[in-house]
Amino acid sequence: MRTAALAASALLVAACGHADTSPPSAAPSSAGKPELLCAPAPEGSLQARLQGGIDAELDWSAPQTPQCLGGTRPQGDGVRLVYKGEVDGTPLLIVIGVATLARGTTDARNVPANVTLVREGAGAFYSTQGDDKCALDEVRQEPVAGQAGRYRVSARGYCTQPARALGGDGSVLVTRFDAQALVDYPRDPP
């Protein structure tokens, strides 16, 4: 069951990883209209320190570094922030899953999170595999004027355990990160 869930997550992450400044790819929906797999965001940034299998000090900002619009996690609990950039010439996709974060929550502290890193083209996939290894010290959300359901999210976080390689050896510790992103919540909250 866990392997199937990880495989499904990898496919979803890979789909989101193809955001760039060109029009986003689309897949047909059940209504026959194309559904965006990953829409580029006009703003967002990620600063992070990575140690281990990937050793880098990241400073990614839009529009130079393409970002995806964040959204709710597949289970409907919390949100997913997606970032894409390069490290040493290799594309790197980073997904921060924030558990239990509801629309408009502001000044939240110690929010559980997980981090997934994908080195595209290199076949390296790292994941903290759970919401108990990373957390957000602080989270702020503010609605974006004139855009129903869209929020500007700012968060500062850290991981206490590394993201381990799936199907291989190695790990990456994300010692700290500062993230800013646009997140689209469903227009009609549950």
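Guide: The protein chain has 1 helix and 15 strands, where helices (H or I, at least four residues) and strands (E, at least two) are DSSP runs, numbered from the N terminus. This is a predicted model, in which local features need pLDDT of at least 70 and side-chain atom pairs count only at pLDDT 80 or more, while totals for chains, interfaces and linings use all residues. Residues are numbered from 1 along each chain as its sequence is written, and side-chain values use heavy atoms, leaving out hydrogens and water.

Of the 190 residues in the protein chain, 45% are buried; buried means under 20% relative accessible area, exposed over 50%, and partly exposed in between, with a 1.4 Å probe and protein chains only.

With a relative accessible area of 7%, Gln-141 is buried. What does its side chain meet there? A polar atom of the Gln-141 side chain lies 3.0 Å from the backbone oxygen of Thr-105. The side chain of Gln-141 also makes a polar contact, at 2.7 Å, with the side chain of Tyr-185. A polar contact is a pair of N or O atoms within 3.5 Å; within protein, one must be able to donate a hydrogen and the other to accept it, and residues adjacent in sequence count only if both atoms are side-chain atoms. Leaving aside residues up to four places away in sequence, Gln-141 touches several others, among them Leu-101, Gly-104, Tyr-151, Val-153 and Tyr-185; contact here means heavy atoms within 4.5 Å.

For a contrast, look at two exposed loop residues. Asp-88 lies in the loop between strand E8 (79-87) and strand E9 (90-98), and counts as exposed at 73% relative accessibility. Asn-110, in the loop between E9 and strand E10 (111-119), is exposed too, at 55%. Most residues other than glycine have a negative phi. Asp-88, however, has a positive phi of about 50°, and Asn-110 likewise has a positive phi of about 50°.

One last stop shows a strand with two faces. In a regular strand the side chains alternate between the two faces of the sheet. Strand E5 (residues 56-61) has Ala-56, Leu-58 and Trp-60 on its covered face, and Glu-57, Asp-59 and Ser-61 on the uncovered one. Strand E4 (residues 45-52) pairs with E5 in the antiparallel sense over 6 bridges, pairing being called when DSSP finds at least two bridges between two strands. Within E5, Trp-60 is the bridge partner of Leu-46, and E4 and E5 form a hairpin with 3 residues between them.
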